[in-house]
Amino acid sequence: MRRIYQIDGEETECWLSHDGRSMILNTPDGAIPCQLDATEAPGGYTLRVRGRTYDMRVAVGPDATFVHLNGRTFAIGRVDPAERLAGNDGGAVDDRIVAPMPGVVVSVNAKAGDQVKEGQPLLVIESMKLETSLTAPRDGVIAEIPFAAGDSFGLKATLAQLAPQEE
Amino acid sequence: MRRIESQIDTNAPDFKANHAAMSERLKEFHARQHATRFERPQRDIDRLARQDKLGVRERLKLLLDPGTPFLEFSTLAACREYDGAVPGAAVVTGIGIVQGREVAIHANDASVKGGAWYPHTVKKIVRLLDVALENRLPVIHICDSAGGFLPLQHGVFPDRYLGGRVFRNQVKLSQANIPQIAVVGGHCTAGGAYVPTLSDYNIIIEGTGAIFLGGPPLVKAATGEEVGVQELGGAVMHTSVSGTGDYRAATEQHAFSLAREIVSQWKRTPKTIIETATFEEPYYDPKELYGIIPKDRKTQFDMREVLARIVDGSRFHEYQPDYGTTMICGFAHIWGYKVGILANNGVLFNDSSLKAAHFMQLCNQNRTPLVFFQNITGYMVGREYEERGIAKDGAKMLMAQGGSVVPKFTVIANASYGAGNYGMCGRAWDARTLFMWPQAEIGVMGADQAANTMADVKIRQLQREGKELTEEEIAAIRDPVLEKFRQDVEAYTSTSELWDDGILDPADTRNALGMSISASLNAPIDDPHYGIFRL
């Protein structure tokens, strides 16, 4: 798998290899032989590619590498493939909040009909000496919160239900 | 390795409230630590000056490489004992750097009760020598002790892990080819005489240092012989007549320069090689931990936010992210050293226990040290879970944890209750170092649960005797019990009793772990082997 870079906001894939004689930059458009030599200037390099020579300056930052070439500066960031290719982690989220364990409701912070945002605390439960805040899995409208403060519930009980999302 | 994406909003009211509460706690903690290290009654300071002796902190400064870290253990040991009159248990212990080498240091603090050995002093010294044995660290003893504190002799002398264990561990160190130096900067009397004599090298400071089995008053009482300190056990006599001492030092400065010279000529044994990466500071500021740790200990929080402020580059490769989600397992680097991390994100269920056991086996197989972050209220209880075999799944986790051959390190980050403490490498399970955060609590159960249980037993007993109790009477029974339990589970109690190696400012955790891991690599890592897993 080639590495993924972001150059001035645009994604591109490439991989640097060596064929025994020179460096090869492998891109989706083919393999390009190239050569990079440091000059005496701080961060200075000479790039030789396809018979042409370019002078360039390179500065490495924690999140991007900056290349000054032909009077322009390019910001090059590395994109983590595992992150980039993960997708939206499992696709559709559940409309229900299901009790992860038996316990008692400590407080309820929303009611049926409320418009809620993803991550908004809906209710706090206590179990095993621990208070856990349960949050909305997505933006939406509360259809039902069947328990009140002080109520006990069992494992996998539905603690909150969001109204189904309209397409 | 990917960076953890923090979800923390440092401007949120919760964050600010937590931050304020933790800052308040830390102010107290740092003040107590400073007092323990540096504040002494004037008469004790005057006495040391009169005896022409340096304080223990100045001695450490002479011994250690300047500008290097000193990982001090159990600074607040005995803080809840002896009416607080024996700060640090009258001894300083830790891991420091001498001539570029990691060494374990045991130094009596003669500004506290003349450096006498109290029960907690002995516990602290034995622990340090255990650390030296487990990690194969050379030991430097700085001896200046009045001897065992006689009124509490039964807490100092007879049992397996008391006074004798200090000397027994010295013997075991020698047997394991781990060198020891003793710098004698005060009297080493009776048992204390064996600390320098069991060391491979000892240095006696002229005028102040002396070694004898019985001091002049005891000799006079026993045989009637009248003899002065110097003739009986001084530097000149021991280094030129008895051969009990090896080197004579003209001054304290001379003594520590000799000690450093001795260390510099020791053979260097290569450290164990584990996977490493380039050192990287965490991407997220460790001081943000103050706002992440909830001010109410019962409130749940995401331990990934904690890890993001401890590990290199805040990078974490999470293992089985969607299974047994109350147990976070994964790989990260600390100070460049690759570690396997187990961190609680809720109660331990069957799946979380199995995941932990599996992950620990994986780490043992590829020689990756384990770091445990405890916030555990226990293994799940109830019919459903018993039927699924929570007790045997917990046993599997213990078998994998206790059977681990890789070095283990534990941070009690919040709650440490019941068997969860065991599964997550509590004190009994040989963590190379174990530290506690100041708001953390440790006990068989929470203070409220314990107090209620105790009070209920008492109340039911009274009811059986036909007594009807009013609300006030019930409170009068419950409240004092609750108060006592609240104290008992506090980090200060734990650290006073040496159930840990010290309380940490959470922001210092990364460095304490880095230093611990580095030190642990002085010892080899065995091949993995286990007992029987109840499948």
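Twelve residues of chain A are in contact with 14 residues of chain B, where two residues are in contact if their C-beta atoms, placed from the backbone, lie within 7 Å. This is a predicted model, in which local features need pLDDT of at least 70 and side-chain atom pairs count only at pLDDT 80 or more, while totals for chains, interfaces and linings use all residues. Residues are numbered from 1 along each chain as its sequence is written, and chains are lettered from A and ligands numbered from 1 in the order in which they are written.

**Where chain A touches chain B**
- On the side of chain A that touches chain B, the elements that give two or more residues are helix 1 (81–84) and strand 13 (130–135) of chain A; helices (H or I, at least four residues) and strands (E, at least two) are DSSP runs, numbered from the N terminus.
- Strand 13 of chain A supplies the largest share of that side, four residues.
- The residues of the side of chain A that touches chain B comprise six nonpolar, two polar and four charged, where Ala, Val, Leu, Ile, Met, Phe, Trp, Tyr, Cys and Pro count as nonpolar, Asp, Glu, Lys and Arg as charged, and the others, Gly among them, as polar.

**Chain A as a whole**
- Chain A holds one helix and 16 strands.
- The radius of gyration of chain A, 27 Å, is well over the 15 Å that the globule rule gives for 167 residues, so chain A is more spread out than a compact globule; this radius is taken over C-alpha atoms, and the rule is 2.2 Å times the number of residues to the power 0.38.
- The C-alpha trace of chain A spans about 75 × 30 × 30 Å along its principal axes.
- Chain A is assigned domain 1 (3–84) and domain 2 (96–162), with bounds that come from an automatic or database domain assignment, and the C-alpha centres of these two domains lie 51 Å apart.

**Domains of chain B**
- Chain B is divided into domain 1 (52–264), domain 2 (286–445 + 489–520) and domain 3 (447–488).
- The centres of domain 1 and domain 2 of chain B, taken over C-alpha atoms, are separated by 34 Å, and the contact takes 21 residues from domain 1 of chain B and 15 residues from domain 2 of chain B.
- Helix 4 of chain B gives the most to the side of domain 1 of chain B that touches domain 2 of chain B, with six residues.
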